[in-house]
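User: I've got a model open and want to go through it with you. Can you take my questions as they come?

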Amino acid sequence: MKVLHVLPNAGSGIETLVVSMLPYFRQQAVETHLLYLSDAIAPIAAASRGTASLAHMNIRPDPLKTVAGYRNLVSTLRPDIVHSHSMLPSLLAATGRHIDVRHVRTIHAPYPYFSAQGARSVVKRRIEGMALRYTASTVVCVSNAVAKCLPWQLTEPVLTICNGVSTVAPMPIQRKAGNSLVVAAGRLEAQKNYPRLLRAFSTLLKSMPDAKLAIAGEGSQRRMLEDMIQALKIESHTTLLGQVTDMTALYEKAGLFVLSSDYEGLGLATMEALCAGCPVVSTPIEPSREIDDILGGGMIRFAADFSPETLADAMQRALCESSAADPDFTITIAEVRERLSAEACATHYLELYRSASHHQTRHDT
């Protein structure tokens, strides 16, 4: 079987998910190809060269040239499955439809254009809906929360396949009590609401003056966050790390991972932290509750609401309650890693790829 994944860009959580599944696809004799709709390919993709072929096309400067290049790529490659991630990949996939190619579209988050009332969002919903119908795509959501947010144009047919994370790293060692390093990870964009986290951390310092905060990621809000860190006078306690290639090492050093987001698709960073044995505090978003439910409940501590004050309170309680004397730590983390593994996610996608009943090769008109 030959699968072409069309990705919006490199260095995102979408790429992390796809790359984490590549070893399991390879074990099942699935030939995987990655196409990025940008000029840059991040280190995480470069590391996968032994597993998948890579290509990139920047669609923005010359859309017609990109469409022609994509159609040529599909004609040459002749994949069995075109798996698109995000809206632009979905639209591009519709331009290169072949009668014997099946299409899958994964929706990774409840994007604002799903519900916004502006003319641009309405047009985007209608265009993507037409593209999905034209290619007879099976729509996959990464969580039930995302599926609930879909506009009617994108709702048939829909499956839920929860994300998974790589668990090939050695089992973590239980961290010592008193570790007050707080970490967060993700793009420095509005969705992640790092201003909420900075205000909560500023409050936390009043009761835990030795605490440190490290935020991994890059994005358009970096300058604003730097200014806010200075305004809150927490610069001696706070570090913006930029892109971090070995997140597992960071999670293993931390005493706590905090998710301050307004919304998520499911939360790969949350899952990675849990698999590294790092305690997690989250805003009360439904995807985090789904992760907690998958693990049987009680693995994630939730802020009472979305205010910085309740987030600070949850952070303090989590740091104070962490203990180095948990006899079930190894057993618990082994089960967490099994339930949240990329292998489990890849298995579900392989079943989908191989199931003719979940696909129509073409809508005949």
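User: Start with N193. Is it buried or exposed?
Analyst: N193 is buried, with a relative accessible area of 15%. Buried means under 20% relative accessible area, exposed over 50%, and partly exposed in between, using a 1.4 Å probe and protein chains only.

User: What kind of model is this, and how are residues numbered?
Analyst: This is a predicted model: local features need pLDDT of at least 70, side-chain atom pairs count only at pLDDT 80 or more, and totals for chains, interfaces and linings use all residues. Residues are numbered from 1 along each chain as its sequence is written, and side-chain values use heavy atoms, with hydrogens and water left out.

User: Back to N193. Where is it, and what about its phi?
Analyst: N193 sits in the loop between β8 and α7. Its phi is positive, about 50°, although N193 is not a glycine. Most residues other than glycine have a negative phi. Helices (H or I, at least four residues) and strands (E, at least two) are DSSP runs, numbered from the N terminus.

User: And A29? Where does that one lie, and is it buried or exposed?
Analyst: A29 lies in the loop between α1 and β2 (31–36). At 61% relative accessibility, A29 counts as exposed. A29 also has a positive phi, about 60°, without being a glycine.

User: Switching to sheets. What is the strand order in the open sheet of 6 strands?
Analyst: The order is β10-β9-β8-β11-β12-β13, and the pairing is parallel. Two strands pair if DSSP finds at least two bridges between them.

User: Which strands stand at the edges?
Analyst: β10 (238–242) and β13 (300–302). Each has a single partner strand, so one side of each is left without a neighbour in the sheet.

User: How are neighbouring strands turned against each other?
Analyst: By 25° on average, direction ignored. Axes are lines fitted to C-alpha atoms, for helices over the stretch in contact, and angles run from 0 to 180 degrees between N-to-C directions.

User: Zoom in on β11 and β12. How many bridges?
Analyst: β11 (residues 256–259) and β12 (residues 280–282) pair in the parallel sense over 3 bridges. V258 has V281 in β12 as its bridge partner.

User: Which helices pack there?
Analyst: Helix α10 (residues 268–275) packs on the sheet, touching β8 (181–185), β11, β12 and β13. The direction of α10 makes about 165° with that of β11. Helix α11 (residues 286–294) lies across β11, β12 and β13, running at about 145° to β13. Contact means heavy atoms within 4.5 Å.

User: Now the core. Which residues touch the most other members?
Analyst: In the largest nonpolar core, of 66 residues, they are F25, I107, Y251, F257 and Y349. Such a core is a set of buried Ala, Val, Leu, Ile, Met, Phe, Trp, Tyr and Cys residues joined through side-chain atoms within 4.5 Å. Helix α1 (residues 13–27) gives the largest share, 8 residues.

User: What is F257 in contact with?
Analyst: Leaving aside neighbours within four places in sequence, its contacts include V183, Y251, A273, P279 and V281.

User: What's in the second core?
Analyst: That separate core has 29 residues, among them L197, A200, I215 and I229.

User: Why is β5 described as largely enclosed?
Analyst: Because 5 of the 6 residues of β5 (residues 102–107) are buried, the strand is largely enclosed by the rest of the structure. β4 (residues 81–85) and β5 pair in the parallel sense over 5 bridges, with H85 opposite T106 in β5. The chain goes from β4 through helix α4 (residues 87–95) to β5 in a right-handed β-α-β crossover. Right-handed means that, with the strands pointing away from the viewer, the path from the first strand over the helix to the second runs clockwise.

User: What does β5 pair with in the β6 direction?
Analyst: β5 and β6 (residues 138–141) pair in the parallel sense over 4 bridges. V104 stands opposite T138 in β6.

User: How many disulfides?
Analyst: The structure holds 0 disulfides. A disulfide is a pair of cysteine sulfur atoms within 2.5 Å.
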